[in-house]
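Have the structure open while you read.

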Amino acid sequence: TLNRAGTRFALDASGTGAGAGGKELLVSAQRQLSVANDFFSRYEKVPQDARQDESVTRGVKENYVALNGALTELIQFLNAGEFKKFVEQPTQSFQDNFEKAYYAYKAESDKLYQAGIAKNDAAYDSALWILGFIIVLVFALALISWVGIQQLLIRPLNNIVEHIRHIAKGDLTKTTHFHSSNEMGILADSIRHMQSEFVSTV
């Protein structure tokens, strides 16, 4: 926009810029610069990553301030009709320096972003491994519990129930050979004692 405004001023023989067009372009340039300043102000409010190189972020700010000052000065030159100073100012060098600082910042930000992605992927993989281990562990504990219940409860109980059925049918010759110190063992001992009482009574 400033280049277009400068062209208007250069073509205007009176030095005031081709009528209202030159002034409108300057107003537009000032507006765009104000918007750029607003965005840069927002950028500065964003918390800096602790892993970022301070010299890189400092370079972005310093070069932006320099470029902003140069552009502001260009607008002032055109407003004052000082076209020669407008042409002689090395604005391109300020812009080149800012672009260099910006791309350095962008490259570092991309590097940190990729490092963050890699870290998140590693954490995700680790979580999957932990989840898989927990699932296997739960399955193993369930299997152990099932086998334990079968050995300590279901089989002895089935044995005792079958023995009681024989007693109920009048068969007092069969005996249960299950022995244990737990409740099932106590129940088996009680059944054997009851059976022996039946035998002595008969």
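**How the two helices pack**

Helix 3 and helix 5 run roughly antiparallel to each other, because their angle of about 155° falls over the 145 degrees cut-off. Keep in mind that this is a predicted model.

Geometry of the pair:

- Helix 3 covers residues 54-79 and helix 5 covers residues 91-168, and their axes sit 8 Å apart.
- As for handedness, helix 3 and helix 5 make a left-handed crossing.

Who touches whom:

- On the helix 3 side, the contact residues include Val 56, Gly 59, Val 60, Asn 63, Tyr 64, Leu 67, Leu 71 and Leu 74.
- On the helix 5 side, you'll find Thr 91, Phe 94, Gln 95, Phe 98, Ala 101, Tyr 102, Tyr 105 and Glu 108 among them.
- Sorted by type, the residues of this helix 3 and helix 5 contact come out as 14 nonpolar, six polar and one charged.

Thr 91:

- Thr 91 belongs to helix 5.
- Its relative accessibility is 14%, so Thr 91 counts as buried, the cut-off being under 20%.
- Setting aside neighbours within four places in sequence, Thr 91 is in contact with Leu 67, Leu 71 and Leu 74.

Glu 62:

- Glu 62 lies in helix 3.
- With 49% relative accessibility, Glu 62 counts as partly exposed, since exposed means over 50%.
- The C-alpha atoms of Glu 62 and Phe 98 are separated by 8.4 Å, though the two are 36 residues apart along the chain.

How values were computed: Residues numbered from 1 in each chain as written. Predicted model: local features only at pLDDT ≥ 70, side-chain atom pairs only at ≥ 80, totals over all residues. Heavy atoms only, no water. Axes fitted to C-alpha atoms, helices over the stretch in contact; angles between N-to-C directions. Helix = DSSP H or I, 4+ residues; strand = E, 2+ residues; numbered from the N terminus. Parallel < 35°, antiparallel > 145°, perpendicular 65-115°, else oblique. Left-handed = near helix turned anticlockwise from the far one by under 90°. Contact = heavy atoms within 4.5 Å. Nonpolar A, V, L, I, M, F, W, Y, C, P; charged D, E, K, R; others polar. Buried < 20%, exposed > 50% of the residue type's maximum accessible area, 1.4 Å probe, protein only.
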